[in-house]
Amino acid sequence: MRVLLMAYGSRGDIAPLAGLAAQLRKHGAEVRVCAPPDEEFAELLAGVGAELVPFGRDVRALRTGAPPSDAAAFAAELVAAHFDTVGKAAEGCDVLVASGLMPAGARSVAEKLGIRYVYAGFHPFEMPSAHYRPSSRPGPPAPPDMTDNQALWDLDARKVNALYLQPLNAHRAAIGLAPVDNVRDHVFGDRPWLAVDPVLGPWQQLTNLDLVQTGAWILPDERPLPADLETFLDAGTPPVYVGFGSMPMGTASDIARTSVEAARAQGRRVLVSRGWADLGPVDDSDDCFAVGDVNHQALFRRVAAVVHHGGAGTTTTAARAGAPQVVVPQFVDQPHWAARVADLGIGAAHDGPTPTFESLSAALRTALTPETRARAKAVAGTIRTDGTEVAAKLLLDTGHAARMSREQISMTAHADHPIKSPLDDDSVSRLLERGLPRGDERVLDLGCGTAEWLLRALTTRPHLHAEGVDVSEAALRQARRAASALGVDERLVLHPQEAAGFASPQPFDLVISVGATHAFGGLLPTLAAAREHLAPGGRVLIGESFWESAPSPEAVELFGDLADLATTVDRVVADGWTPVHGHVSTRAELDAYEWACWGSLASWALDHPADPAAAQALETATARRSQWLHGYRDSFGFLCLVLRRTSAP
């Protein structure tokens with residue numbers, strides 16, 4: 001198997017690829033790595049036997065010198081390199097793994113060649129989330145009154161488009177590919193990988209993207225420490241290590257002196273790493289020693305604390321070594337790692353990128369306590385070291401790698417039937433008319449998916465306001481794009497969370513839950529949840545399955561123990577509701593829905609024969625069509641009801 005790994009970035013982006021490359025080669029794979037032409041990256045990759053294909057400019061020269069004067073021109077330059085250099089390197093490969101600075105063209109290269117594509121991130125904080133703001137990018141700053149995180153992430157997507165969309169689509173057109181409309185989400189794909197330790201970087205409560213967490217990609221370092229460094233370490237008590245890796249530390253004047261004096265104030269010797277900031281000793285005292293590129297995995301086990309910038313790799317290495325940390329974050333993900341170190345109790349987060357003697361001394365006092373060291377030692381035992389092995393198996397186990405997620409299957413199957421229920425357009429319109437008699441209501445959809453009900457209501461009612469709740473970030477991204485294209489995005493709010501746990505300070509005139517009662521545990525629990533959100537005199541639009549005739553055992557196994565139509569309505573009435581409108585899906589609607597779903601999934605498989613998931617998609621479509629025709633076509637029914645409370649609560 002031939003694998004292409006690519007990233008444009010500093011050592012923190014290239015070292016993980018070296019770790020994965022080494023693991024893949026152990027399994028017999030051929031590995032190429034597209035990386036910047038810096039000499040240190042060439043040496044790193046040569047050490048693991050990976051073929052280097054350099055692309056782009058020297059990163060160290062960019063980072064330590066003047067930044068590009070035209071960010072858009074630099075972005076276009078990188079995109080061109082993706083299609084040219086990376087594209088040529090991908091020829092003959094079976095899979096392309098992209099990471100680093102916005103690899104905008106990598107997925108297009110894989111698409112054109114018909115090979116598998118994986119996006120891998122080394123921190124979760126680049127993924128859209130309701131819980132934190134995006135990092136800064138080139139482009140106009142957010143308005144001062146824009147505080148909603150979702151709005152800020154939407155702005156982030158527009159900034160990425162401003163930099164990359166035009167050159168990306170121009171290159172796609174040149175090789176016969178259709179344009180994309182959202183570069184960031186296109187690059188991430190449906191199921192990005194997260195190469196982060198799950199203790200240091202848990203993501204489940206951060207973003208609703210469907211991520212695959214492999215663990216950090218660590219390259220084992222077997223290099224001995226230099227003899228003069230060994231002599232310094234043996235000459236006294238464990239020193240404080242100070243190093244900022246590829247950060248030039250331009251905003252912090254005389255950072256070496258500040259760090260050395262702060263460490264000395266705690267009675268500690270100091271070990272200064274030169275790094276890209278070119279730090280060194282501040283005097284001739286024998287309590288301070290300077291080092292270059294050395295084995296951090298061995299060194300950090302022998303220091304009193306590690307003062308660093310908060311890169312994912314350094315944070316993981318220090319945590320694995322059990323060394324207390326002081327994180328002085330500079331940008332992007334580093335403030336998040338600083339906060340995580342503090343939350344875990346394994347060190348201190350410095351407030352801001354520019355330390356003073358006083359601020360760094362205070363942080364070191366926290367890191368050097370016996371309690372912090374004990375906690376750091378305890379957490380060290382929980383850090384996983386198998387991240388590259390997990391990732392390599394996912395790449396090499398083609399059977400597992402080719403599996404589509406349940407969400408991907410659903411999204412593909414409903415491409416030609418976006419209302420995910422057996423209803424035609426006229427039925428949907430009539431149900432909305434009965435649920436929204438005024439046209440200026442506030443509407444909530446619990447389990448909204450791609451928000452098709454809400455979008456249809458908003459486009460025909462200019463005074464309507466709507467909110468939707470769903471766990472699928474992919475579905476909500478699609479909904480946001482559609483809302484923007486329809487010009488109704490300012491009247492639509494989407495919440496990425498479990499519908500059962502949603503709370504709102506304001507009630508709604510209509511609560512919708514069609515085909516989503518499973519999220520609440522059944523019909524009556526769904527109505528109970530809807531009741532909590534309903535304004536006085538409001539209505540509920542609910543959709544539920546029922547048995548139209550006696551089902552087969554196979555049908556019961558698929559759908560569970562449903563009631564018949566009369567019993568279903570009786571249960572609703574007994575629960576305190578009065579139906580004011582209802583619709584039972586016709587045979588034509590039921591058949592059209594099934595043909596559309598499994599036909600769309602089968603068509604996708606036939607249109608993408610080179611995709612590793614094509615066989616699974618076709619097999620699923622065939623099996624589900626057979627289950628329908630032979631198992632439940634003559635017994636399954638679907639009911640929608642517009643309900644009002646029979647009496648006040």
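**Notebook: cysteines, strands and a cavity**

I started with Cys-34: its sulfur lies 8.5 Å from the closest cysteine sulfur, that of Cys-93, which is too far for a bond. The structure holds zero disulfides.

I noted the ground rules next. This is a predicted model, where local features need pLDDT of at least 70 and side-chain atom pairs count only at pLDDT 80 or more, while totals for chains, interfaces and linings use all residues. Residues are numbered from 1 along each chain as its sequence is written, and side-chain values use heavy atoms, with hydrogens and water left out.

**Confidence.** I checked pLDDT, the predictor's confidence in each residue, from 0 to 100. The chain averages 92, and 98% of the residues score at least 70. Among the elements, helix 16 (residues 398–401) has the lowest mean, 49. Strand 12 (residues 325–327) has the highest, 98. I took helices (H or I, at least four residues) and strands (E, at least two) as DSSP runs, numbered from the N terminus.

Is Cys-34 buried or exposed? I found it buried, with a relative accessible area of 0%. Cys-288 also counts as buried, at 9% relative accessibility. The scale is buried under 20% relative accessible area, exposed over 50%, and partly exposed in between (1.4 Å probe, protein chains only).

I traced an open sheet of seven strands in the order 3-2-1-4-5-6-7, with parallel pairing. Strand 3 (51–54) and strand 7 (212–213) stand at the edges with a single partner strand each, so one side of each has no neighbour in the sheet. Two strands pair if DSSP finds at least two bridges between them. Strand 6 (residues 193–194) pairs with strand 7 in the parallel sense over two bridges. I found Val-212 of strand 7 as the bridge partner of Trp-193.

I then looked at Pro-124. This proline lies in the loop between strand 5 (116–121) and helix 6 (149–174). Pro-124 counts as buried, at 0% relative accessibility. Pro-124 and Trp-193 are 69 residues apart in sequence, and their C-alpha atoms are 9.6 Å apart in space.

**Strand 14.** Why do I call strand 14 (residues 442–446) largely enclosed by the rest of the structure? Four of its five residues are buried. I counted five bridges joining strand 14 to strand 15 (residues 465–470), and the two run parallel. Val-443 stands opposite Ala-466 in strand 15. Strand 14 also pairs with strand 17 (residues 508–514), in the parallel sense over three bridges. There, Leu-444 stands opposite Val-511.

Strand 14, helix 19 (residues 452–460) and strand 15 make a right-handed β-α-β unit. Right-handed means that, with the strands pointing away from the viewer, the path from the first strand over the helix to the second runs clockwise.

**Cavities.** I looked for sets of points on a 1 Å grid over the protein atoms alone, where a 1.4 Å probe fits but cannot get out; lining residues have an atom within 4 Å of a point. The structure holds three cavities of 30 Å³ or more. Which residues line the largest cavity? I listed Arg-587, Leu-590, Glu-594, Trp-628, Tyr-632, Arg-633 and Phe-636. Helix 24 (587–607) and helix 25 (614–632) each supply at least two lining residues. Helix 24 gives the most, with three.

Methods:
A disulfide is a pair of cysteine sulfur atoms within 2.5 Å. On a 1 Å grid over the protein atoms alone, a cavity is a set of points where a 1.4 Å probe fits but cannot get out, and a pocket is an open set with protein on both sides within 12 Å along at least five of seven lines; lining residues have an atom within 4 Å of a point. Grid points are joined across faces, edges and corners, and a volume is the space filled by probe spheres set on the points.
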